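This briefing covers one protein chain, topic by topic. The sequence and structure come first, followed by the points.

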Amino acid sequence: MRAESSAPIRHDVFAVAAPGLAPLIAAECTDLGLAPTDVSAVGVSLSLTTRELFTLACWTRCASRVLLRLREFTARDFATLEKQATRVDWSRVIAPNAAVSLRVTCRKSRLYHSDAVAERIARGIAGAVSGVRVDAAADDDSENTESPQLIVVRFDHDRCTISADATGMLHRRGWRQAVAKAPLRETLAASMLAGVGWDGSEPLVDPFCGSGTIGIEAALRARRMAPGVHRRFAMEQWPSAPTAQFEEVRALARAMARPSLSVPIVLSDRDEGAVRATLANAERAGVLGDITVVRRALSDTLLSSIGASGWLLTNPPYGLRVSDGADLRGLFARLGQVMAEGGAGWKLGLLMPNDRRLLAQLGGGMRPLFSTENGGLPVQLFGSADITRGNNPRASS
């Protein structure tokens, strides 16, 4: 990556979204002062300087990863693909003797054999960068700063887009090492908070907290703690990366963090292991003092003791997440009672499949805010029908 001059170079950037989450990512980009150039079903396009790209990497809560577009072209034969591969400026993102992994997808294109496409791309890289080692894409779902540089190649209707992964998987915040059953990704938990418009001004309760992901993400959001400030990104290993500039962005992010919360975040679970996992994860995230964690059943949740208003936001047990196939209608009926006893000021948000039997136990008044996937299962975020911010959330960064 070349050093910034008085007129900074702008890069073609793409923030990858899980299904249904692109509008949330676009909203948080706007709140960061980074104007999207396009919003599609799979992500958000932006034109950013190097500093802005690193700012997005540090601050995005909902994106799965951020890519730097290297080249886009049409190729209907391997000769054209090989020629175009030699024209990519690989030295922008790959240092000599570096390890590289390739991830290739082909859809409705004449060049449909992903291994053959990868072979041609690998030749282009090897011809441009000395000593490089190119392999098929391995599992990069880790925080190892020595992981290979991932190059993403996508063919769609003969149009090839080659990108470099700038960040790695962004749900890897670094604090979640203790995991309970059916873990929720950090990016999805953050999207739930954005989806209902929770901004840290009201109490938050999760009575099925599991590993504590929703509550910990809420505390980080409310305290304006950048989710990526303590981790390393792939772009920091790029040639000529402006490391001093990156550290300036990190230092500014740390300075923006609030010292504490002004509202309670209460997490509970009937499983002792889940409570232990939540406490351990909260401590690593630096928000242990901002949340209350208790072991108790849903029936013992008393919202009115926490405040006159607030959010009960949770990823409840449902369907495939319940190993014994138990009938959950009674549990959801009790959840409806807990909400009713809390009073009119309390709002409900649930991430779950569109199961009318279970939703009916809540007494109505729920509407879908977005549809996505959790562990490969189609789910929706349902919110109380009287909320007004769910369709146009704004990130609190």
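A residue counts as buried under 20% relative accessible area and as exposed over 50%, with partly exposed in between. By that scale His157, with a relative accessible area of 48%, is partly exposed. The model is a predicted one. Its chain holds 10 helices and 15 strands.

**Chain totals**
- Of the 397 residues in the chain, 53% are buried.
- The accessible surface is about 17,000 Å², and carbon and sulfur atoms contribute 48% of that area.
- Among contacts with a separation of 6 or more, 77% join residues 24 or more positions apart.

**The sheet of 8 strands**
- Eight strands form an open sheet in the order S2-S3-S1-S4-S8-S7-S5-S6, and their pairing is mixed.
- The edges are strand S2 (36–40) and strand S6 (133–136); each has a single partner strand, so one side of each lacks a neighbour in the sheet.
- From one strand to the next, the twist averages 30°.
- Strand S5 (residues 99–107) runs parallel to strand S7 (residues 149–156), and the two pair over 8 bridges. Within this pairing, Ser101 has Leu150 of S7 as its bridge partner.

**Helices on the sheet**
- Helix H2 (residues 50–59) packs on the sheet and touches strand S1 (11–16), strand S3 (43–48) and strand S4 (65–74). The direction of H2 makes about 145° with that of S3.
- Helix H3 (residues 78–85) also packs on the sheet, where it touches S4, S7 and strand S8 (159–165). Between the directions of H3 and S4 the angle is about 125°.

**The H3 and H4 pair**
- The axes of H3 and helix H4 (residues 114–128) come within 8 Å of each other and cross at roughly 35°. The crossing is right-handed.
- On the H3 side, the contact is made by Phe78, Leu81, Glu82 and Ala85. H4 contributes Ala116, Val117, Arg120, Ile121, Arg123 and Gly124.

- The largest nonpolar core contains 117 residues. Those with the most contacts inside it are Trp90, Ile121, Ile151, Ile162 and Trp198.
- H5 supplies the largest share of this core, 7 residues.
- Leaving aside residues up to four places away in sequence, Ile121 touches Leu81, Ala85, Trp90, Leu102, Val153 and Ile162.
- Helix H5 (residues 186–196) is mostly covered, with 11 of its 11 residues buried. Among them are Glu186, Thr187 and Ser191, as well as Leu188, Met192 and Leu193.
- Gly197 follows H5 and has a positive phi, near 80°.

**The loop between S7 and S8**
- His157 lies in the loop between S7 and S8. Its phi is positive, about 55°, although His157 is not a glycine.
- Asp158 is also placed in the loop between S7 and S8. The phi of Asp158 is near 70°, again a positive value in a residue other than glycine.
- Asp158 has a relative accessible area of 11% and is therefore buried, whereas His157 is partly exposed.

**Ser268**
- Ser268 belongs to strand S10 (residues 265–269).
- The relative accessibility of Ser268 is 1%, so this residue counts as buried.
- Apart from residues up to four places away in sequence, Ser268 touches Asp206, Pro207, Phe208, Cys209, Val294, Arg296 and Thr301.

Note on methods. Residues numbered from 1 in each chain as written. Predicted model: local features only at pLDDT ≥ 70, side-chain atom pairs only at ≥ 80, totals over all residues. Heavy atoms only, no water. Helix = DSSP H or I, 4+ residues; strand = E, 2+ residues; numbered from the N terminus. Buried < 20%, exposed > 50% of the residue type's maximum accessible area, 1.4 Å probe, protein only. Contact = heavy atoms within 4.5 Å. Areas by Shrake-Rupley, 256 points an atom, 1.4 Å probe, with all protein chains shown as cover. Pairing = 2+ DSSP bridges. Axes fitted to C-alpha atoms, helices over the stretch in contact; angles between N-to-C directions. Core = buried A, V, L, I, M, F, W, Y, C linked by side-chain atoms within 4.5 Å. Left-handed = near helix turned anticlockwise from the far one by under 90°.
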